[in-house]
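Work through the exercises below with the sequence and the model at hand. Try each task before reading its solution.

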Amino acid sequence: MRLQPTAEQRQFARSLDAMLTACDTPSAARAWAAGDRAPGRAIWSRVAGAGVFALAVPERYEGAGTLPVELAVAFVELGRHAVPGPLVETVAAAALLTRLAETGDAAAAKRLLPRLASGEDMATLAVTAVGPYAVDPDAADLLLVADPARRDAPARARRGPAPSGDAVLRAAPGHGPLRVSNDPVRGRARPAPGGEVLAEGPQVAGAVAHAVGIAALATAAQSLGVGLALLDRTVAYVRQRTQFGVPVGSFQAVKHRLADTLLALEFARPLLYGAALTGARADIAAAKVTAGEAAYAAARTALQLHGAVGYTEELDLSLWLRKARPLRDAWGTPSWCRAQVLA
Amino acid sequence: MDLDPSPAAEALRAKARAWLAEHVPAAPLPSLETAEGFAAHRAWEARLAADRWSVVSWPERYGGRGADLEQWLVFEEEYWAAGAPGRVSQNGISLLAPTLFEHGTQEQRARTLPPMARGEVVWAQAWSEPEAGSDLASLTSRAVRTDGGWLLRGQKAWSSRAAFADRAFGIFRSDPVTRRPHHGLTYLMFDLRAPGVTVRPVARLDGRPAFAELFLDDVFVPDEDVIGEPGQGWRIAMSTTGDERGLTLRSPGRFLASADRLVRLWRATADPGDTALRDRVADAAIGARAYQLFTWAGAARLAEGSAAGAESSLNKVFWSEYDIALHETALELLGADGESADTEWAEGYVFALAGTVYAGTNEIQRDIIAERLLGLPKGRL
Ligand SMILES: Cc1cc2nc3c(=O)[nH]c(=O)nc-3n(C[C@H](O)[C@H](O)[C@H](O)COP(=O)(O)OP(=O)(O)OC[C@H]3O[C@@H](n4cnc5c(N)ncnc54)[C@H](O)[C@@H]3O)c2cc1C
């Protein structure tokens with residue numbers, strides 16, 4: 001029952017933090033939103049170099065082994081630094097291909113996983129049962145799409161405790177027009193139809209369900225990181241901003257809102273690590289809804305307590321502010337997650 | 001990181017489960033806030049103690065099993081999952097006992113702890129006063145030096161279970177001259193049946209005498225009942241408030257068991273189309289799990305040697321607000337029966353309503369979180 005990061009996990013978080021601090025992630029995020037992907041890709045390579053994507057890939061495909069706890073630790077840092085790009089979708093794609101390989105379909109994994117682990121390829125993923133869009137498909141090298149199988153597909157024998165239904169995994173040849181998100185750093189589009197079919201059958205449905213779980217876990221971690229960054233910045237701000245002759249942070253109304261923000265984030269953290277350890281669907285859903293709501297509440301508080309300056313795009317705070325709501329709803333809305341908890 | 005209980009914790013779990021399965025009363029005991037219920041709960045404490053289950057975390061020589069924090073948490077999960085009765089000795093076990101372990105003498109421990117473990121002596125906490133609640137250090141009840149001891153004078157308020165309890169522990173002003181409110185206070189134990197003590201039961205919202213006022217008129221306390229040095233009462237009291245706010249008062253096991261009951265009630269009775277209610281039930285399940293895991297993480301930090309400190313304030317705000325939300329959801333699920341005062345949920349609801357007030361109000365806890373955990377400026381403007 002040692003729900004505490006090990007010395008290595010702490011060290012991993014610290015070194016990612018130091019590396020990302022040196023990267024000037026806010027400028028890269030702003031450039032990414034403006035369509036200049038070069039600084040973001042440079043950070044992407046460094047994130048890959050730190051081994052983050054390898055955490056979702058088994059050693060036999062040049063990864064570090066599948067390590068969900070370390071993945072969660074890493075995504076908290078990626079969220080804290082507002083790193084741009086389809087980070088969650090890339091590890092979810094890797095998890096999908098890995099699970100496919102484990103259940104007998106190794107061709108796509110062999111071909112694609114090493115490039116994802118090393119950071120050479122950026123992937124994105126749309127699971128049409130969850131939502132129609134893929135994040136940053138224009139930036140990604142690989143656009144995976146999981147569709148429910150055609151109704152006329154021949155029924156196949158079930159292997160193991162597979163979820164109901166079949167699915168088709170394909171590499172889409174392109175995508176429709178980009179829609180700007182509330183978070184301008186997350187461009188989204190519908191994948192184009194067609195493209196190479198990579199796998200098909202009930203084992204694909206199982207792998208997709210697993211990938212959705214990993215995506216939810218990583219999103220929960222990223223949300224927690226976003227919430228922590230918002231809290232840190234807001235605490236720093238209210239300590240130095242004075243009104244009525246004192247720092248606004250000495251007003252109880254302000255203090256109590258920040259106390260509640262910390263409370264919500266600190267209770268999301270153990271749910272996140274607990275979910276990474278068990279991998280259970282209900283645990284992941286609980287972590288997702290809790291971290292998502294905590295980060296969103298942190299965003300509302302940050303906006304309020306920064307006064308008018310919080311409502312500007314110029315302040316870097318806006319990078320985290322605008323992430324919180326989309327992340328709360330991505331890969332499982334709160335309502336969907338709550339249903340999963342009781343399923 | 002891992003979630004696996006140690007082999008010792010698993011062994012204790014198995015033993016506790018077997019014992020509880022055999023001994024937990026089939027029908028719930030009457031409310032412990034009544035004379036009849038108090039007696040029944042005392043008998044239950046004696047039953048627990050006879051097989052050394054009443055204070056598992058204490059050393060064996062005082063009737064415990066020397067359980068570490070993790071073993072205790074696992075024991076609590078089993079205890080509440082088995083539907084075992086609430087603990088009438090809670091004040092003593094979670095507040096006075098830790099104080100005696102830290103600041104008491106060998107003699108005080110030997111004399112006080114075993115009868116507490118057996119439910120023979122039930123303790124009340126006498127800290128609050130009519131004019132000293134959140135600002136506890138402004139208390140004015142006095143301890144006046146006399147031959148071989150002290151004389152207590154003044155009034156204490158809101159003392160839980162004092163209507164039926166045997167003894168009390170509290171802080172008193174022993175140096176009325178000092179200007180500093182936190183100085184010159186003395187921590188001591190006294191008999192609720194001693195000459196000079198008047199106990200006036202006070203009914204809580206449901207009419208039951210859950211607490212009492214104490215009027216103290218030159219109540220004699222011998223020197224051997226002073227805990228620690230005279231004048232050091234504040235420091236001694238504060239060293240154990242973390243216990244009150246934190247885990248020992250509200251173990252996750254209790255909320256896990258309640259959330260489990262709630263989910264079962266929902267499955268049995270709810271309209272599946274009512275997603276708003278479903279979401280609240282899910283939140284109750286999530287909250288219990290969050291509290292359990294938060295506690296495990298805290299236990300791991302304590303095992304590493306870090307002090308509990310202001311983090312117990314996070315704990316307190318969480319469990320008290322959670323408890324109310326859980327019970328409100330249950331009352332809603334019960335529909336028309338939610339109004340009836342004779343259900344287990346109704347009693348739990350009334351009890352939960354006080355959680356945000358006692359053990360340091362949640363406003364005070366939020367001040368502590370903001371100042372000590374976030375480093376915001378002191379001040380209560
Ligand atoms: C069920 C129950 C059991 C109890 N059991 C015991 C017991 O066994 N022994 C014992 O000694 N005491 C006990 N208490 C008393 C409890 O500790 C006090 O009620 C508590 O400390 C609050 O004090 P008060 O009631 O005087 O409220 P007050 O201090 O008068 O507070 C009134 C309101 O003002 C708010 N407030 C006060 N100061 C501030 C501030 N600085 N900033 C913001 N808000 C503030 C409070 O949060 C509260 O909402 C019990 C109380 C209850 C309800």
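**Exercise 1.** Which residues in H7(A) meet which residues in H9(A)?

*Solution.* The model is a predicted one. Start on the H7(A) side: Gly213(A), Ala216(A), Leu217(A), Thr219(A), Ala220(A), Ser223(A), Leu224(A), Gly227(A), Leu230(A), Thr234(A), Tyr237(A) and Val238(A) make the contact. Then take H9(A): the partners are Ile284(A), Ala287(A), Lys288(A), Ala291(A), Gly292(A), Ala295(A), Ala298(A), Ala299(A), Ala302(A) and Leu305(A). Now sort the residues of this contact: 15 are nonpolar, six are polar and one is charged.

**Exercise 2.** Describe how H7(A) and H9(A) are placed against each other.

*Solution.* Two packed helices are described by the angle and the distance between their axes. H7 spans residues 202-240 of chain A, and H9 spans residues 281-305 of chain A. Their axes come within 8 Å and cross at roughly 25°. Angles under 35 degrees count as roughly parallel, so H7(A) is roughly parallel to H9(A). Finally, the handedness: H7(A) passes H9(A) in a left-handed crossing.

**Exercise 3.** Locate the domains of chain B, then relate domain 1 to domain 2.

*Solution.* Chain B divides into domain 1 (7-87), domain 2 (123-231) and domain 3 (250-374). Over C-alpha atoms, the centres of domain 1 and domain 2 of chain B are 30 Å apart. Across this pair in chain B, eight residues of domain 1 are in contact with eight residues of domain 2.

**Exercise 4.** What are the helix and strand contents of residues 124-219 of chain B?

*Solution.* An unreviewed UniProt entry lists this stretch of chain B, residues 124-219, as "domain: Acyl-CoA oxidase/dehydrogenase middle". Residues 124-219 of chain B are 0% helix and 51% strand. The end C-alpha atoms of the stretch lie 16 Å apart.

Technical notes:
Residues are numbered from 1 along each chain as its sequence is written. Chains are lettered from A and ligands numbered from 1 in the order in which they are written. This is a predicted model: local features need pLDDT of at least 70, side-chain atom pairs count only at pLDDT 80 or more; totals for chains, interfaces and linings use all residues. Side-chain values use heavy atoms; hydrogens and water are left out. UniProt positions are given in the numbering used here, feature names are shortened, and annotations may be inferred rather than shown by experiment. Helices (H or I, at least four residues) and strands (E, at least two) are DSSP runs, numbered from the N terminus. Axes are lines fitted to C-alpha atoms, for helices over the stretch in contact, and angles run from 0 to 180 degrees between N-to-C directions. Angles under 35 degrees count as roughly parallel, over 145 as roughly antiparallel, 65 to 115 as roughly perpendicular and the rest as oblique. A crossing is left-handed if the near helix is turned anticlockwise from the far one by less than a right angle, and right-handed if clockwise. Contact means heavy atoms within 4.5 Å. Ala, Val, Leu, Ile, Met, Phe, Trp, Tyr, Cys and Pro count as nonpolar, Asp, Glu, Lys and Arg as charged, and the others, Gly among them, as polar. Domain bounds come from an automatic or database domain assignment.
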